[in-house]
Amino acid sequence: MGVLSDRKALVTGGSRGIGRAVVERLARDGAEVVFSYATNETAAAEVVAATGGTAFAVPAELGRTADVRALFQQAEERLGALDIVVLNAGIVIGGTIDQLDEATYDQVMNVNAKGTFFALQEAARRLRDGGRIVTLSTLNTVLAFAGNAVYSASKAAVEQFTAIAAKELGARDITVNTVSPGATDTDMLRGANPPEVLELMKTMSPFGRLGTPADVGDVIAFLVGPDGRWMTGQNLRAGGGLA
């Protein structure tokens, strides 16, 4: 019997990277998991297979509020009332302030900030008392890098939503925390940075390497498990010492 054997979980953006690591860890710990994916059905099927069929994939575009609501509804129909929600889905589109256009700004904010807000709303309305919510931010909210203005701002909004949700949901014994990964070896990180920047990121950590999705997934597993019961309103910087 795993520590989450009686728990029902929803993870957004669970087909790749950190999201996949979270789905697989929660499934190993005994939870039943529904996870969302945007377009990559093949990757989603691989995650389902890796969990031995204890995870279930649902397509959803987190920049659309209707999709967010439908995702929570389908998760409840599949699993029943939820105990754990991990809001991992997000996008990165870089560009300096003088370059970015309005459409790009709206796209990043819609997925990262608006999508997270309305997913938090659904979680607040549907989660059982004693539940756990974790949102994903980034160390870029404290480490300013050129070209990350909109992405960093969208994640700063996530941090504020989370801190306030912790105040609002504490009376129901629901914990709400943020995890802020540093340079984590994912397709998203490699797609947004050239090899020389990835090498530089390694030197910024005292460990001399990039993080792995499992490094971050294990921190999230702590927060949603029984040992995380006294942690709420916190931002855990899982960055390998970057900040």
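Helices (H or I, at least four residues) and strands (E, at least two) are DSSP runs, numbered from the N terminus.

Before going on, I note that this is a predicted model, in which local features need pLDDT of at least 70 and side-chain atom pairs count only at pLDDT 80 or more, while totals for chains, interfaces and linings use all residues. Residues are numbered from 1 along each chain as its sequence is written, and side-chain values use heavy atoms, with hydrogens and water left out.

**Sheet pairings**

I looked up the partners of β1 next. β1 pairs with β2 in the parallel sense over 4 bridges, and Leu10 has Val34 in β2 as its bridge partner. I count two strands as paired if DSSP finds at least two bridges between them.

β2 carries on to β3 (residues 55–59): the two run parallel and are joined by 5 bridges. Val33 stands opposite Ala55 in β3. β2, α2 and β3 make a right-handed β-α-β unit.

How many residues of β1 are buried? I find 5 of its 5, where buried means under 20% relative accessible area, exposed over 50% and partly exposed in between (1.4 Å probe, protein chains only). Both faces are covered, with Lys8, Leu10 and Thr12 on one side and Ala9 and Val11 on the other.

**Cores**

The largest nonpolar core has 25 residues, and Val11, Leu26, Val33, Val86, Val179, Ile220 and Val224 have the most contacts inside it. Such a core is a set of buried Ala, Val, Leu, Ile, Met, Phe, Trp, Tyr and Cys residues joined through side-chain atoms within 4.5 Å. Elements that each supply at least two of its residues include β1 (8–12), α1 (17–28), β4 (84–87) and α8 (213–224). A second, separate core holds 24 residues, among them Leu127, Ile133, Leu169 and Val176.

I then checked Val224. Not counting residues up to four places away in sequence, Val224 touches Leu4, Leu26, Ile84, Val86, Arg132 and Val134; contact here means heavy atoms within 4.5 Å.

**Two single residues**

Is Thr184 buried or exposed? Thr184 lies in the loop between β6 (175–181) and α6 (187–192), and I put it down as buried because its relative accessible area is 5%. Leaving aside neighbours within four places in sequence, Thr184 is in contact with Ile18, Leu189, Gly211, Thr212, Pro213 and Val216.

Ala153 is in helix α5 (residues 149–169). I list Ala153 as partly exposed, since its relative accessible area is 37%. Its C-alpha atom is separated by 22 Å from that of Asp185, 32 residues apart along the chain.

**Whole chain**

I count 8 helices and 7 strands in the protein chain. Its radius of gyration is 17 Å, close to the 18 Å that the globule rule gives for 243 residues, so the chain is as compact as a globular protein of that length. That radius is taken over C-alpha atoms, and the rule is 2.2 Å times the number of residues to the power 0.38. Buried residues make up 48% of the 243.

Technical notes:
Right-handed = clockwise from strand over helix to strand, strands pointing away.
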